[in-house]
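Trainee: I would like to learn how to read a few features of a protein model. Please take them one at a time.

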Amino acid sequence: MPPIQSRLESVRQQIRRAAIKYQRGDDAVQLLAVSKTRPVEDILQAIEAGQRRFGESYIQEALGKIEQLGDLGLEWHFIGRIQGNKTRAIAENFDWVHSIDSAKQIRRLNDQRPEQLAPLNICLQIKIDDEESKAGIPHEEARELVKTMHHYPRLVLQGLMTLPAPSEQLDAQRKPFRRLRQLRDELATAELPLPMLSMGMTDDLEAAIAEGSTMVRIGTAIFGPRHYPGQA
Ligand SMILES: *Cc1c(COP(=O)(O)O)cnc(C)c1O
């Protein structure tokens, strides 16, 4: 089996094992394949192994891939930092955005989402630990933003995302994920149930599933170590 297909299969097994261990339902945890910095050939291998959902962080790079693979019925998730002048490209080309961290981004994406497309699915990126994580919205601000969502018919707020500082031990890894789930439980209402918890990467997948992740974002375990341009 080509390497990407066998690694993808082993990630699926890890997800299944964790889901059983922590009594999550079948299909409770979806897999987002994070393909940032990877060539289209790698994505095609993952597609051959049945993967349909891909995450990208750099808009220019992503647009090239989306154009090349446009006819394959894939689902594209933007998970990187959002620069103000890039919201239109995101609104026009993606199905999901996980990394929303301001009211201004929400307004712009709503205004720029084309009429002929379905509403854009979004998650608020939450700053869980004030000292350690750089990006994201503090809890208090998230509470306020959730109350404004009815003003934005071109967006569907699906839930919350976080990117905690790395830690080694399972127990330590679980803490920020637990806090994200607790915040979600606090913010969810009948009109806005916030089903999505976008949390867990290659090194903390099990901890995230233990705490209720509904989508893990996995790059390295599927595609191997990343090589950034200019690095050896
Ligand atoms: C790169 C990235 C990932 C994937 O990380 P791996 O450790 O390679 O699995 C997940 N989420 C975000 C937001 C990322 O930028």
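Trainee: Does Arg184 count as buried or exposed, and why?

Mentor: Buried means under 20% relative accessible area, exposed over 50%, and partly exposed in between, with a 1.4 Å probe and protein chains only. Arg184 has 15% relative accessibility, so it counts as buried. This is a predicted model in which local features need pLDDT of at least 70 and side-chain atom pairs count only at pLDDT 80 or more, while totals for chains, interfaces and linings use all residues. Residues are numbered from 1 along each chain as its sequence is written, and side-chain values use heavy atoms, with hydrogens and water left out.

Trainee: Where does Arg184 lie, and which residues is Arg184 in contact with?

Mentor: Helices (H or I, at least four residues) and strands (E, at least two) are DSSP runs, numbered from the N terminus. Arg184 lies in helix H7, residues 170-187. Contact means heavy atoms within 4.5 Å. Leaving aside neighbours within four places in sequence, Arg184 is in contact with Leu160, Pro193, Leu194, Pro195 and Leu197.

Trainee: Which residues of helix H2 are buried?

Mentor: In H2 (residues 40-48), they are Val40, Asp42, Ile43, Ala46 and Ile47. Seen down the axis of H2, these residues fall within an arc of 155°, so they line one face of the helix. The arc is that of the directions from the helix axis to the C-beta atoms. On the other side of H2, Glu41 and Glu48 are exposed. The cover over the buried residues of H2 includes helix H1 (3-21) and strand E2 (53-56).

Trainee: How are aromatic pairs described?

Mentor: A pair of aromatic rings is described by the distance of the centres and the angle of the planes. Rings of Phe, Tyr and Trp (its six-membered ring) pair if their centres lie within 6.5 Å; planes under 30 degrees apart count as stacked, over 60 as edge-to-face and the rest as tilted.

Trainee: How many aromatic pairs does a search of the whole structure find?

Mentor: The search finds two. The rings of Phe54 and Trp76 have centres 5.8 Å apart and planes at 35°, so this pair is tilted. Phe54 is in strand E2 and Trp76 in strand E3, so the pair ties together parts 22 residues apart in sequence. Phe54, at 0% relative accessibility, counts as buried, and so does Trp76 at 4%. For Phe78 and Phe94, the centres are 5.4 Å apart and the planes at 80°, so the pair is edge-to-face. Both Phe78 and Phe94 are buried.
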